[in-house]
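Visitor: Hi, could you walk me through this one? I'd like to start with a helix and then go to the ligand.
Guide: Happy to, let's have a look together.

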Amino acid sequence: MDVKKAINKRRAYRSLEPVEITEELIKDFAESAQIAPSCMNKQPWKFVFIHEREQLEKIFKTLSSGNKWVEKASLIIGVFNKPEDDCIIGERLYYLFDTGMATAFMILRATELGLVAHPIAGFNEQKAKEILGINKDERLITLIIIGKHSKEVNPVLSEPMKLGEKSRPPRKLLEEFIFINKYNPK
Ligand SMILES: Cc1cc2nc3c(=O)[nH]c(=O)nc-3n(C[C@H](O)[C@H](O)[C@H](O)COP(=O)(O)O)c2cc1C
């Protein structure tokens, strides 16, 4: 198994070049999400695959100003659902957790296929939902930006973003988020 390889290779790159989007590729992504675990097997996730130029252009208009790089996307996957689609156990709402797992499976599969799959939160949810025909009571949790990594750094990127193309942004030390046997923060 090469899961660790895909985990290590995955990066949220922002310099993209076009990639051909086929029905086969969309099915492959969908099948990777389909078998993810979920609370009581509720499978709460929903995905809208956007690859028609006209529809992509409309979505680009909903992006935050720092996300101009997204305009090079070949495919955008809208991830949506609502809390009631999954287990609600007291104050524990599982819809984001389960949908996040299914989405991560898809992202790793994209990585394995040599593609960039970059999740973003920087978009106008209400406007994007209207364009996609998603009901008001659903949350459009993220858009996954799909393309091929370009070696040429996209000039629209900010300086920190340009640095991010070269090396992975720093991470917390393990000691900062790992606890053994008991939660004992320093
Ligand atoms: C939920 C979520 C929202 C994000 N939103 C944005 C975004 O709006 N714009 C952007 O450029 N990157 C966005 N990112 C990418 C992160 O900035 C990136 O994953 C992080 O800096 C770590 O870099 P790495 O994924 O390459 O290791 C988002 C990532 C996640 C998981």
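Visitor: Which residue caps the N-terminal end of α5?
Guide: N124 does. One of its side-chain oxygens lies 3.1 Å from the backbone nitrogen of Q126. Do keep in mind that this is a predicted model.

Visitor: And just after α5, which residue takes a positive phi?
Guide: That's G133, with a phi of about 75°.

Visitor: Which residues of α5 are buried?
Guide: A128, K129 and L132 are buried in this helix, which runs over residues 125-132. They sit on the same side of α5, because they cover an arc of only 100° around the axis.

Visitor: What do those buried residues pack against?
Guide: They pack against β2 (46-50), α3 (53-60) and β7 (139-149). On the face of α5 turned away from the buried side you'll find Q126 and E130, both exposed.

Visitor: Switching to the ligand: which residues come nearest?
Guide: R11, A12, R14, N67 and R171, out of 15 residues around the ligand. The shell divides into 7 nonpolar, 3 polar and 5 charged residues.

Visitor: Which element gives the largest share of that shell?
Guide: Strand β6, residues 116-120, with 3 residues.

Visitor: How far is an oxygen atom of the ligand from an N or O atom in the side chain of R11?
Guide: That distance is 2.6 Å. For the side chain of R10 the corresponding distance is 2.9 Å, and for R168 it is 2.9 Å.

Visitor: How much of the ligand's accessible area does the protein cover?
Guide: It covers 67% of the 620 Å² that the ligand has on its own.

How values were computed:
Residues numbered from 1 in each chain as written. Predicted model: local features only at pLDDT ≥ 70, side-chain atom pairs only at ≥ 80, totals over all residues. Heavy atoms only, no water. Near = heavy atom within 4 Å. Polar contact = N/O pair within 3.5 Å; in protein donor to acceptor, adjacent residues only side chain to side chain. Areas by Shrake-Rupley, 256 points an atom, 1.4 Å probe, with all protein chains shown as cover. Helix = DSSP H or I, 4+ residues; strand = E, 2+ residues; numbered from the N terminus. Nonpolar A, V, L, I, M, F, W, Y, C, P; charged D, E, K, R; others polar. Buried < 20%, exposed > 50% of the residue type's maximum accessible area, 1.4 Å probe, protein only. Arc of directions from axis to C-beta. Contact = heavy atoms within 4.5 Å.
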